[in-house]
Amino acid sequence: MASSVQPPETRVFKGISASPGIAMGKAFVLEDMDLAVGRWQVPPEAVKAEVSRFRLAVADTRKEMIGTQQKILKLLGKTHARLIEAYLLILEDPLISKDVVKNITTNRVNAEYALSEAVAGAVKTLEAATDEYFRERRHDVLDVGRKILLHLLGHQPQDLEDLNEPSVIVARNLTPSDTVHMKAQFAEGFATDIGGRTSHTAILANSLEIPAVVGLHEITRHVRPGDMVILDGTTGTVILNPPPDVVDNYRRERDIRGAERRDLERLRDQTAQTVDGRRIALAANIDSPGEIKNLLANGAEGVGLYRTEFVYLNRGGLPTEEEHYRHYAKVVQSVLPHPVIIRTLDIGGDKLVDLGFPEMNKREPNPFLGLRGIRLALRHPDLFRTQIRAILRASAHGKARMMFPMVSGLEEFRAARKLVLACMDELRKENLPFDEKIEVGLMIEVPSAALVVDYLAQEADFMSIGTNDLIQYTLAVDRVNDEVSHLYEPLHPAILRLIHQTVQAGHAAGKWVGLCGEMAGDAELTPFLLGLELDELSVSPGMVPKIKKVIRESKFADCRALVVDALKDPSRDNVQSLLRRFRNR
Ligand code: PEP
Ligand code: MG
């Protein structure tokens with residue numbers, strides 16, 4: 001008799017790729033705790049006890065968070081551990097410490113209900129924010145609310161450490177601490193309903209090399225515990241209950257990628273040099289000292305872009321000079337003999353960090369065209385000097401370079417450089433050592449800077465092209481807006497021309513020129529970037545081996561010829577077909 005059991009339905013979900021790699025396994029669905037709890041009246045004589053019960057739950061939550069913080073500290077270092085500080089701050093917020101208690105005492109409601117009311121109110125306010133950064137913070141408030149609720153209800157928090165077989169985690173959202181717990185366990189990867197590429201969780205997944213797809217909207221509604229899941233973090237795809245042939249294909253693909261990876265690892269100690277002897281510096285981009293181990297394991301020759309915004313993130317108050325100095329000195333020392341380009345703060349745009357300045361309370365109508373990067377730094381010279389002094393002091397420990405973001409013309413570069421010279425004078429007077437020959441450069445990421453690059457090249461020691469922004473500003477395409485992402489074209493002739501002009505102007509002035517936008521990590525474009533005569537490429541640490549392989553297999557003379565041909569007709573279609581032909585050869 002034929003079986004009537006139907007195979008489970010296959011479904012494909014497309015989300016945002018947050019961390020590359022293939023994960024396969026049974027789904028481990030993290031239950032989503034509903035904060036909508038029942039309300040009941042507390043008798044007058046029990047109100048005090050109800051408040052104490054709430055305070056105890058908050059204290060237990062704090063203990064649990066501090067435990068998590070210690071774990072993160074061991075695994076990833078201080079910067080990532082600081083992410084938990086944001087949670088601890090929410091615990092101390094009047095929203096939790098005052099509003100809930102007030103609701104319990106004045107309305108004589110149970111603690112669970114008072115808590116859910118306070119959290120729902122805060123989430124509603126944050127949801128209405130037009131700024132993505134603030135909207136994202138609602139998840140932090142919800143996570144903290146859930147943690148307290150679990151303690152109030154006496155539930156054991158669901159623990160990823162209970163995983164006992166290779167699984168793909170499926171959840172509405174994951175907190176940074178959840179992500180950290182995954183490393184040593186059986187978590188093959190994770191898929192979440194919400195989140196963007198800039199969420200802390202996505203940043204951590206990348207550092208830990210856990211394949212991840214976020215922004216899948218409703219995946220938790222369709223997946224049941226134990227369902228088979230394939231997750232491709234590179235393409236942002238999740239396949240639920242795949243048929244056997246698809247599973248086989250992905251298994252093969254994963255083996256191939258694993259073998260490729262092992263093959264690439266052999267290149268770690270090799271130089272990034274073309275067959276005909278053109279040497280290029282291949283460095284990596286990092287956000288925190290915790291990523292250095294990974295960078296060295298992948299064979300990067302130093303740091304081509306150290307985004308220092310993380311030093312300012314998720315903390316109470318501004319970092320001191322000593323804190324900056326400790327971070328930078330550590331990075332500079334650990335990558336010796338290679339150099340580290342420390343980029344000064346690039347806060348603003350989509351990277352909103354509340355530094356406590358009054359203008360930060362106002363929402364900018366166009367944040368990407370607003371008070372960002374060097375503009376903010378020059379508006380607050382004391383803030384800027386603290387960082388500059390720390391970078392200078394770190395330069396005594398190795399090869400540090402200083403780079404300014406978002407420079408739009410000569411005046412900004414000169415003003416920043418003047419501050420550097422003033423800080424150098426101070427340090428000399430204080431007998432604090434620094435590298436007197438430290439290179440000071442700038443990012444070419446605003447079109448106006450690219451158009452006066454010949455002047456800038458006379459004054460800067462080096463330039464690094466930030467294509468992430470250069471593309472968005474040149475083509476007027478918001479880099480974080482899905483609706484126009486099809487217009488975001490690295491191979492647009494205007495971009496090619498600006499890169500070409502920048503390199504030429506730099507070389508004419510005897511300066512070196514790098515490229516540190518995401519475009520540098522696209523292996524398809526490597527021959528082209530080589531032919532444009534860039535001196536350095538800086539990519540995410542995981543991409544270093546692949547790019548190195550392409551460099552080592554390329555002939556510089558051919559890459560030059562490719563660029564000469566492309567510049568004759570720099571239309572995207574022509575450049576793409578030239579690249580295709582180049583690859584096939
Ligand atoms: C860039 O704009 O290309 C860049 C590397 O800087 P960020 O992505 O931090 O803006
Ligand atoms: Mg930029």
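Buried here means under 20% relative accessible area, with exposed over 50% and partly exposed in between (1.4 Å probe, protein chains only). By that rule W512, at 17% relative accessibility, counts as buried. This is a predicted model, where local features need pLDDT of at least 70, side-chain atom pairs count only at pLDDT 80 or more, and totals for chains, interfaces and linings use all residues. Residues are numbered from 1 along each chain as its sequence is written, chains are lettered from A and ligands numbered from 1 in the order in which they are written, and side-chain values use heavy atoms, leaving out hydrogens and water. Helices (H or I, at least four residues) and strands (E, at least two) are DSSP runs, numbered from the N terminus.

**The open sheet**

- Eight strands make an open sheet in the order β1-β8-β7-β3-β4-β5-β6-β2, with mixed pairing; two strands pair if DSSP finds at least two bridges between them.
- β1 (11–14) and β2 (16–19) sit at the edges with a single partner strand each, so one side of each has no neighbour in the sheet.
- From one strand to the next, the twist averages 30 degrees; axes are lines fitted to C-alpha atoms, for helices over the stretch in contact, and angles run from 0 to 180 degrees between N-to-C directions.
- β7 (residues 228–232) and β8 (residues 237–240) pair in the antiparallel sense over four bridges, and L231 has V238 in β8 as its bridge partner.
- Helix α9 (residues 244–265) packs on this sheet, touching β3 (22–29), β5 (187–192), β7 and β8, and its direction makes about 125 degrees with that of β3.
- β5 pairs in the parallel sense with β4 (residues 167–171) over five bridges, and with β6 (residues 212–214), again in the parallel sense, over two bridges.
- A191 in β5 stands opposite V170, and its bridge partner in β6 is V213.
- Five of the six residues of β5 are buried, so the strand is largely enclosed by the rest of the structure.

**The barrel**

- A closed barrel of eight strands runs β9-β10-β11-β12-β13-β14-β15-β16, with parallel pairing.
- Its neighbouring strands are turned by 25 degrees against each other on average, direction ignored.
- β11 (residues 339–343) and β12 pair in the parallel sense over five bridges, with V340 opposite A400 in β12.

**Nonpolar cores**

- The largest nonpolar core has 104 residues, and L355, L392 and F404 have the most contacts inside it; a core is a set of buried Ala, Val, Leu, Ile, Met, Phe, Trp, Tyr and Cys residues joined through side-chain atoms within 4.5 Å.
- Helix α15 (residues 410–429) supplies the largest share of this core, eight residues.
- Apart from it lies another core, of 33 residues, including V51, Y87, Y113 and V144.
- Leaving out residues up to four places away in sequence, L392 touches M402, V420, C423, M424, L427, P433, F434, D435 and I438; contact means heavy atoms within 4.5 Å.

**The magnesium site and α18**

- The magnesium ion (ligand 2) is coordinated by E445 (OE) and D469 (OD) at 2.0 to 2.1 Å; donors are N, O and S atoms within 2.8 Å of the metal (3.2 Å for Na, K and Ca), and water is not among the atoms, so sites may look incomplete.
- E445 lies in the loop between β13 (439–444) and α16 (447–451), while D469 lies in helix α18 (residues 467–475), 24 residues apart.
- Both E445 and D469 are buried.
- Eight of the nine residues of α18 are buried, and what covers them includes β10 (303–307), β13, α16, β14 (462–465), α19 (493–508) and β15 (512–515).
- Just after α18, A476 takes a positive phi of about 55 degrees.

**Aromatic pairs**

- There are four aromatic pairs in the structure; rings of Phe, Tyr and Trp (its six-membered ring) pair if their centres lie within 6.5 Å, with planes under 30 degrees apart counted as stacked, over 60 as edge-to-face and the rest as tilted.
- F384 and F404 have ring centres 5.9 Å apart and planes at 70 degrees, so their pair is edge-to-face.
- F384 sits in helix α14 (residues 381–394) and F404 in strand β12 (residues 399–404), and both are buried.
- F462 and W512 form a stacked pair, 4.8 Å centre to centre with 5 degrees between the planes.
- That pair links β14 and β15, 50 residues apart, and F462 counts as buried at 0% relative accessibility.
- Ring pairs also link F384, F404 and F413 into a cluster.
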